[in-house]
Amino acid sequence: MPKKRRALFETRNFSFFIGLAVIAIFASLYLFTNIVQNIEGSVLDLHFRLKTGKEYKAIQEGAVLTQRDSKISNDILIIGIDQKTLAEYGRWPFSRLRHAQLINAFSRIKNQDNRENSLFMDIFFVEDDSVHENDEALFQSVADSGRVFLETVLSPYGSADTEDPLSKRQDILYEGWGKLKNVKGNYKKIPAFYGFEPPLENLGKTVKGYGHANFLSDADMVYRRQPLVLRSSVLLDTIRLDELYPGYTVDELNFERLAWQDDKGDFHDIEVPLSEASIEKLTNKMNSEAPLKVEDLDGDGIPEPGYHIVRRYIDSFVPSITLSLALNYFHKTLDDIEVLVGSHILIPSPKVLDTETGELLPYSIETVPPEYDKDGNLVKEGKYRSLPEIRIPINENGQMLVNFMGYRSSPTAEGIQTFPVRSFSAYANRDPGTDTDKWRPSLAVQNKILMVGAFASGVAEDEKPTPLGIMYGIEIHANALNTILMDNFIHQVPEWLDLLLLLAIILLVVLVSSRLPAIFGFFISLVLCVVYFFAVNYIFDSKAYLITYSMPAI
């Protein structure tokens, strides 16, 4: 064998070719599969636990409540349907009159300047109550409040069309609060939902705003992200496959699209305008994978020959309830924002209420809290960061990584509470009635976002696994809302940077392991893994940037 060829196959030289092969394999896994993303979910959970563990250890021994984190908004308050409430009102669901009393307790105060910013009810009001008077009381309380937000439930299954009564209910929400229109990029990557359950019509007409409350888990069934935008697809009409022709198109500017459904129930979009080649390809695909539509048109009991159908949909973009609550807090509407799929949601010029003057001021976040002496006198001014815009990072599915701020909160003030939690019944029992002389001056919730939801096991199937353990749905909403309000986003670094780090670390390991005895190379590689993890964790903890760890480590 020639000397040059022998030199090429020496360990110190050939190892670089092995390294390049490893890089190619992992780069392919990263770019074209979900394997790396699934592993990274567990790594992200570990980042959260380490971060939260540090915060809890910083609390002095004997303390009950966590120290107030400057990255947790003071304007989020959870009102939990807890065991105390169930013990007092009976098993769930209890009378809608109780919900009316809760809403009235906040709206019936003498000083209306001390009202809440918004009141979100994480409760489904999709069917009439068995007692009509209870519904009427709820309708009236929502109308009187003018600050209630309700959720619309989106379902991946269904076949809602424009004449469906539920579609008309959903349209009432669109007319009142609007829907997202300034959507750019490949919006077809956003998950589509074909059914929905909006709140009752009388509620839809009087609510302040709405949003979907859907969460989508990762592959390991852990909830780490919230879809801030989802597509609601309504059927416009069906077309026989054999009636399509070259040049056929739809109004894509109005978010219309064509789709077909396979025999497993999955939908597939059809690119338009159609051509002879695309129609032929579609025909072959549907012949092998799509069911036929069979009808007995003349009523003789013998069905006519089956045929394939293509569906024409119109998509509406539904905001999450947390996005709607944040926009209301910032005094913005859905028309004010820009959605660029795979990049960001832009909220320009957010403004918030100054509770002392009643003016709307440019939004700023406290970075260093003010200091006071023992008598309550200001010793040192706090520091603030102004925000001329809020840019929410989202992936190609319209999802935002939720920056969880701590473990699940205790339903009582005696336990650890990441977010303050108060009992539903404690407020619902304080409805003063219609006599204004009996109204309280305030309920100490000025400009707060009140989030009402289940906070006891068995109230609803509303407990979900998160990076920090099981949480009630309302607290996941609170963490998502806080992520937006505090501009505390987790940023996934660009793919090119992940791949560059992979290249650098593998070549470094190759260099070391090919020039040292195997045992030394092994231990040095282990040290590199540990050092790299703590570096990645530090960047996550201090800068909220998420760098892929698993590829270089493996």
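Biologist: Why does Val 402 count as buried?

Modeller: This is a predicted model, and in it Val 402 has a relative accessibility of 1%. Buried means under 20%, so Val 402 counts as buried.

Biologist: Where does Val 402 lie, and with which residues is Val 402 in contact once its neighbours within four places in sequence are left aside?

Modeller: Val 402 belongs to the loop between β22 (399-401) and β23 (421-423). With those neighbours left aside, its contacts are Phe 48, Arg 224, Arg 225, Gln 226, Asn 479, Ala 480, Thr 483 and Ile 490. For one of these, Thr 483, the separation from Val 402 is 81 residues in sequence, while the C-alpha to C-alpha distance is 6.4 Å.

Biologist: What makes Ile 524 partly exposed rather than buried or exposed?

Modeller: Ile 524, which sits in helix α14 (residues 518-543), has a relative accessibility of 32%. Buried requires a value under 20% and exposed a value over 50%, so Ile 524, at 32%, counts as partly exposed. Its C-alpha lies 8.3 Å from that of Val 509, a residue 15 positions away in sequence.

Biologist: Why are α10 and α12 called oblique to each other?

Modeller: Helix α10 (residues 321-329) packs with helix α12 (residues 473-485) at an angle of about 40 degrees, and their axes are 9 Å apart. Roughly parallel is kept for angles under 35 degrees, and roughly perpendicular for 65 to 115; α10 and α12 are therefore oblique. The crossing of α10 past α12 is right-handed.

Biologist: Which residues meet where α10 packs with α12?

Modeller: From α10 come Ile 321, Thr 322, Leu 323, Leu 325, Ala 326 and Tyr 329, and they meet His 477, Ala 480, Leu 481, Ile 484 and Leu 485 of α12.

Biologist: How do you know that α10 is mostly covered?

Modeller: Nine of the nine residues of α10 are buried, among them Ser 324, Leu 327 and Asn 328. After α10 comes His 331, with a positive phi near 60 degrees.

Biologist: What makes α5 roughly parallel to α6?

Modeller: The axes of helix α5 (residues 96-107) and helix α6 (residues 132-145) cross at roughly 20 degrees and come within 8 Å. Angles under 35 degrees count as roughly parallel, so α5 is roughly parallel to α6. On the α5 side, the contact includes Leu 97, Ala 100 and Ile 103, and on the α6 side it includes Ala 137, Leu 138 and Val 142. α5 passes α6 in a left-handed crossing.

Biologist: How do you know how confident the predictor is over the chain, and where is the pLDDT below 50?

Modeller: The mean pLDDT of the chain is 87, with 89% of the residues reaching 70 or more. The pLDDT is below 50 over residues 57-67, a stretch that has 14 contacts in the model beyond near neighbours in sequence.

Biologist: What can be said of the chain as a whole?

Modeller: The chain has 15 helices and 28 strands, and 47% of its 554 residues count as buried. Among contacts with a separation of 6 or more, 76% are between residues 24 or more positions apart. The accessible surface is about 27,500 Å², and 55% of that belongs to carbon and sulfur atoms.

Note on methods:
Residues are numbered from 1 along each chain as its sequence is written. This is a predicted model: local features need pLDDT of at least 70, side-chain atom pairs count only at pLDDT 80 or more; totals for chains, interfaces and linings use all residues. Side-chain values use heavy atoms; hydrogens and water are left out. pLDDT is the predictor's confidence in each residue, from 0 to 100. Contact means heavy atoms within 4.5 Å. Helices (H or I, at least four residues) and strands (E, at least two) are DSSP runs, numbered from the N terminus. Buried means under 20% relative accessible area, exposed over 50%, partly exposed in between (1.4 Å probe, protein chains only). Accessible areas come from the Shrake-Rupley method with a 1.4 Å probe; for residues, only the protein chains shown count as cover. Axes are lines fitted to C-alpha atoms, for helices over the stretch in contact, and angles run from 0 to 180 degrees between N-to-C directions. Angles under 35 degrees count as roughly parallel, over 145 as roughly antiparallel, 65 to 115 as roughly perpendicular and the rest as oblique. A crossing is left-handed if the near helix is turned anticlockwise from the far one by less than a right angle, and right-handed if clockwise.
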